[in-house]
Amino acid sequence: MSAGAEATRPGGAVSEGLDAGHVVFERVAEAYDAARPHYPEALYLALEELSGVRLAGARVIDVGAGTGISTRGLLDRGARVVAVDRGGRMLGVLCSRTECAALLADGNELPFRDGAADLVTYAQAWHWLDPALSVAEAVRVLRPGGAVAGWWNTVDAGRADWLAAYQVRLAESCDGYVGPALPGWSMPPIAETMELAGLTVARTWVGWTRSVRLDDFLTDLRSHSYVARLDERDAEELVARERAELGRVFPDGRLTVPMRVYLATGRAEAPVV
Ligand SMILES: C[S@@+](CC[C@H](N)C(=O)[O-])C[C@H]1O[C@@H](n2cnc3c(N)ncnc32)[C@H](O)[C@@H]1O
């Protein structure tokens, strides 16, 4: 799929026996940065509204920051961000492009003091971490009244037949595929996990439309974990097949892709004094 769906297999966990997320993305860091979609303005507005944290001036820890797509979105809106990732190559791309504090660290064990952050974010990343440990760590480093937020960009296959058919082809070709064509597929259960941790949870979907060149869409495809895990020949065949299939739908080489972002936030309520 073009976007998002390193989300979750049925049952809510990233499948076992596969490389950890920080390993698999190391192979595709450049493709990831070049072609993954950004997040729409409406996502950042919803983030402020649901979390109750104004981004301008906020101390944000962006966990699983990767090459910096989410980090730059937060910085552009005035947040003071520390990017955290376990993947050195992903973080290397971030540092080469972005003036920002960055830490090579495990999001399940954050190297920050208690109460250091207004907001802890996981953009397209929380499902790679330990669900309970990561949220407990986020709660520890938040100030009272701060918030945790997770979001995932995904294609909206229900809005275009070609996109639904594309997802089915990927599901048939890639063992590790996760996405809308998988029966029982759902967004990662971050909202439920935050509720269990005592946070006040809110969630929403933000729809948007992506205009993207076919070449970039195929580079994006290569950056997905389930394609990165294929052997090189199978990956090349898959990309060549999709170039032909999608080229028939969009002969001018520019795709219009219906997208949506799932956002869940959890507020750590300030104690009443
Ligand atoms: C799909 S990328 C998301 C990148 C970025 N936030 C974005 O919006 O595009 C997921 C990132 O999570 C990182 N990651 C996986 N496990 C991690 C862990 N335990 N601690 C910190 N980062 C981790 C991976 O290295 C990868 O860069």
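The structure is a predicted model, in which local features need pLDDT of at least 70 and side-chain atom pairs count only at pLDDT 80 or more, while totals for chains, interfaces and linings use all residues. Residues are numbered from 1 along each chain as its sequence is written, and side-chain values use heavy atoms, with hydrogens and water left out.

Helices here are DSSP runs of H or I with at least four residues, strands are runs of E with at least two, and both are numbered from the N terminus.

An N or O atom in the side chain of Asp 106 sits 2.9 Å from a ligand nitrogen atom. For Ser 70, a polar side-chain atom is 3.0 Å from a nitrogen atom of the ligand, and a polar backbone atom of Arg 86 is 3.3 Å from a nitrogen atom of the ligand. The ligand taken alone exposes 600 Å², and the protein buries 99% of that; such areas come from the Shrake-Rupley method with a 1.4 Å probe, and for residues only the protein chains shown count as cover.

Attention now turns to a pocket. On a 1 Å grid over the protein atoms alone, a pocket is an open set of points with protein on both sides within 12 Å along at least five of seven lines, and its lining residues have an atom within 4 Å of a point. The second largest pocket has a volume of about 170 Å³, where volume is the space filled by probe spheres set on the grid points, joined across faces, edges and corners. Among its lining residues are Arg 27, Val 28, Ala 31 and Arg 222. Helix 10 (225-228) and helix 11 (232-249) each supply at least two lining residues, and helix 11 gives the largest share, three residues. The lining of this second largest pocket has six nonpolar, no polar and five charged residues.

Some individual residues complete the picture. Gln 124, in the loop between strand 4 (117-123) and helix 6 (131-141), has a phi near 60 degrees, a positive value in a residue other than glycine. Most residues other than glycine have a negative phi. Gln 124 is also buried, with a relative accessible area of 7%; buried means under 20%, exposed over 50%, and partly exposed in between (1.4 Å probe, protein chains only).

Helix 2 (residues 29-35) includes Ala 29, which is buried at 0% relative accessibility. The C-alpha atoms of Ala 29 and Met 90 are 5.2 Å apart, although 61 residues separate them along the chain. Glu 30, also found in helix 2, is partly exposed at 44%. In strand 1 (residues 59-63) lies Val 63, buried with a relative accessible area of 2%; from C-alpha to C-alpha, Val 63 and Ala 83 are 6.3 Å apart.

Key. 1 Å grid on protein atoms, 1.4 Å probe; cavity = no way out; pocket = protein on both sides within 12 Å on 5 of 7 lines; lining within 4 Å. Nonpolar A, V, L, I, M, F, W, Y, C, P; charged D, E, K, R; others polar. Polar contact = N/O pair within 3.5 Å; in protein donor to acceptor, adjacent residues only side chain to side chain.
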